[in-house]
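Subject: A structure for you to explore

Hi,

Here is the structure I promised to pass on to you. Please open it and keep it in view while you read the rest of this email.

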Amino acid sequence: MKIQGKFNITGGTKQQRQITESVIRWCFINKVVVRHGIDINVKICKYVTHQCWGSVVDAEDNWSFTEFDMTIANNQSIRDFIATIMHEMVHVNQYITGEWEGDGEAECVARQYELADQYWKEGNL
(Lines give C-alpha, C1' and ligand atoms only; values in the text may rest on other atoms or scores of the structure.)
Protein backbone atom coordinates (compact mmCIF):
# COMPACT_ATOMS: atom_id res chain seq x y z
CA MET A 1 0.00 0.00 0.00
CA LYS A 2 1.35 3.42 -0.97
CA ILE A 3 1.29 5.82 1.95
CA GLN A 4 0.81 9.48 1.11
CA GLY A 5 2.52 12.03 3.26
CA LYS A 6 6.14 12.62 4.18
CA PHE A 7 8.15 11.38 7.11
CA ASN A 8 11.22 13.37 8.13
CA ILE A 9 13.13 11.46 10.80
CA THR A 10 16.27 12.92 12.38
CA GLY A 11 18.57 11.91 15.22
CA GLY A 12 19.13 8.45 16.64
CA THR A 13 20.88 5.68 14.78
CA LYS A 14 20.18 4.54 11.24
CA GLN A 15 18.44 1.46 12.64
CA GLN A 16 16.24 3.58 14.95
CA ARG A 17 15.26 5.82 12.03
CA GLN A 18 14.41 2.75 9.92
CA ILE A 19 12.32 1.25 12.74
CA THR A 20 10.54 4.57 13.29
CA GLU A 21 9.59 4.86 9.63
CA SER A 22 8.47 1.23 9.54
CA VAL A 23 6.27 1.68 12.62
CA ILE A 24 4.69 4.88 11.26
CA ARG A 25 3.95 3.22 7.90
CA TRP A 26 2.48 0.23 9.73
CA CYS A 27 0.17 2.56 11.67
CA PHE A 28 -1.28 3.95 8.43
CA ILE A 29 -1.60 0.53 6.78
CA ASN A 30 -3.29 -0.94 9.87
CA LYS A 31 -5.59 2.06 10.36
CA VAL A 32 -4.16 3.16 13.69
CA VAL A 33 -4.28 6.51 11.87
CA VAL A 34 -7.33 6.72 9.64
CA ARG A 35 -6.32 9.54 7.29
CA HIS A 36 -3.40 9.61 4.84
CA GLY A 37 -1.65 12.67 3.43
CA ILE A 38 -0.12 13.60 6.77
CA ASP A 39 3.47 14.76 7.20
CA ILE A 40 5.26 13.63 10.34
CA ASN A 41 8.55 15.11 11.53
CA VAL A 42 10.27 12.91 14.09
CA LYS A 43 13.19 13.86 16.28
CA ILE A 44 14.88 10.93 18.02
CA CYS A 45 16.87 11.97 21.09
CA LYS A 46 17.73 10.96 24.64
CA TYR A 47 15.11 11.25 27.38
CA VAL A 48 17.23 13.86 29.15
CA THR A 49 17.07 16.14 26.07
CA HIS A 50 13.28 16.31 25.91
CA GLN A 51 12.36 15.19 29.47
CA CYS A 52 9.74 12.88 28.00
CA TRP A 53 9.61 9.39 26.42
CA GLY A 54 7.55 10.78 23.55
CA SER A 55 5.36 13.66 22.45
CA VAL A 56 3.45 14.83 19.43
CA VAL A 57 1.98 18.22 18.53
CA ASP A 58 0.41 19.86 15.50
CA ALA A 59 3.46 21.22 13.66
CA GLU A 60 1.87 24.43 12.51
CA ASP A 61 -0.24 25.13 15.61
CA ASN A 62 -3.08 25.95 13.23
CA TRP A 63 -5.20 22.89 14.00
CA SER A 64 -5.11 21.72 10.38
CA PHE A 65 -3.77 18.34 11.52
CA THR A 66 -1.85 17.73 8.31
CA GLU A 67 1.64 17.96 9.81
CA PHE A 68 2.87 16.77 13.18
CA ASP A 69 6.11 17.13 15.15
CA MET A 70 6.97 14.04 17.18
CA THR A 71 9.81 13.45 19.62
CA ILE A 72 10.82 9.95 20.70
CA ALA A 73 13.42 9.05 23.35
CA ASN A 74 15.83 6.39 22.14
CA ASN A 75 17.34 5.37 25.46
CA GLN A 76 14.67 2.78 26.18
CA SER A 77 14.24 -0.87 25.25
CA ILE A 78 13.30 -1.64 21.64
CA ARG A 79 9.81 -2.75 22.75
CA ASP A 80 9.31 0.48 24.71
CA PHE A 81 10.68 2.53 21.79
CA ILE A 82 8.13 0.96 19.42
CA ALA A 83 5.33 1.27 22.00
CA THR A 84 6.14 4.96 22.45
CA ILE A 85 5.82 5.56 18.70
CA MET A 86 2.51 3.65 18.73
CA HIS A 87 1.35 5.78 21.67
CA GLU A 88 2.08 8.99 19.77
CA MET A 89 0.45 7.68 16.59
CA VAL A 90 -2.76 7.00 18.56
CA HIS A 91 -2.58 10.67 19.63
CA VAL A 92 -2.20 11.66 15.95
CA ASN A 93 -5.39 9.77 15.17
CA GLN A 94 -7.16 11.40 18.12
CA TYR A 95 -6.23 14.84 16.81
CA ILE A 96 -7.41 13.98 13.29
CA THR A 97 -10.73 12.45 14.32
CA GLY A 98 -11.40 14.79 17.24
CA GLU A 99 -12.34 11.74 19.30
CA TRP A 100 -10.86 11.19 22.76
CA GLU A 101 -11.83 11.37 26.39
CA GLY A 102 -10.01 13.63 28.83
CA ASP A 103 -6.47 14.18 27.59
CA GLY A 104 -6.53 10.96 25.51
CA GLU A 105 -3.81 9.30 27.57
CA ALA A 106 -5.93 6.38 28.80
CA GLU A 107 -6.58 5.17 25.23
CA CYS A 108 -2.92 5.61 24.24
CA VAL A 109 -1.63 3.76 27.28
CA ALA A 110 -4.18 0.97 26.79
CA ARG A 111 -3.22 0.45 23.13
CA GLN A 112 0.52 1.14 22.91
CA TYR A 113 1.87 -2.31 23.90
CA GLU A 114 -0.96 -4.19 22.21
CA LEU A 115 -0.07 -2.44 18.94
CA ALA A 116 3.69 -2.81 19.50
CA ASP A 117 3.32 -6.52 20.13
CA GLN A 118 1.09 -6.94 17.05
CA TYR A 119 3.71 -5.12 14.95
CA TRP A 120 6.42 -7.40 16.37
CA LYS A 121 4.43 -10.65 15.97
CA GLU A 122 3.82 -9.84 12.30
CA GLY A 123 7.58 -10.12 11.77
CA ASN A 124 8.27 -6.45 11.12
CA LEU A 125 11.56 -6.63 13.05
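Below are some notes on its salt bridges and on one surface patch.

Please keep in mind that this is a predicted model.

Start in helix H1, which covers residues 14-29. There Glu21 pairs with Arg25, and their closest N and O atoms are 2.9 Å apart. The two are separated by about one helical turn, because they sit four residues apart in that helix. Glu21 is partly exposed, at 29% relative accessible area, and Arg25 is partly exposed too, at 32%.

Next, look for Arg79 and Asp117, whose side chains meet in a salt bridge with an N to O distance of 2.9 Å. Arg79 belongs to helix H3 (residues 78-97) and Asp117 to helix H4, so this pair ties together parts that lie 38 residues apart in sequence. Arg79 has a relative accessibility of 38%, so it counts as partly exposed; Asp117, with 24%, is partly exposed as well.

Helix H4 also contains Glu107 and Arg111, four residues apart, or about one turn of the helix. They form a salt bridge in which the closest N and O atoms are 3.5 Å apart. Glu107 is partly exposed at 33%, as is Arg111 at 25%.

Ile78, Trp120 and Leu125 make a nonpolar patch of about 280 Å². Leu125 sits in the segment after helix H4 (105-121), and its relative accessibility of 48% makes it partly exposed.

Enjoy exploring!

Key
Residues are numbered from 1 along each chain as its sequence is written. This is a predicted model: local features need pLDDT of at least 70, side-chain atom pairs count only at pLDDT 80 or more; totals for chains, interfaces and linings use all residues. Side-chain values use heavy atoms; hydrogens and water are left out. Patches are made of residues with over 30% relative accessible area and no salt bridge: like charges are joined within 9 Å, nonpolar side chains (Val, Leu, Ile, Met, Phe, Trp, Tyr) within 5 Å. Accessible areas come from the Shrake-Rupley method with a 1.4 Å probe; for residues, only the protein chains shown count as cover. A salt bridge is a side-chain nitrogen of Lys or Arg within 4 Å of a carboxyl oxygen of Asp or Glu. Buried means under 20% relative accessible area, exposed over 50%, partly exposed in between (1.4 Å probe, protein chains only).
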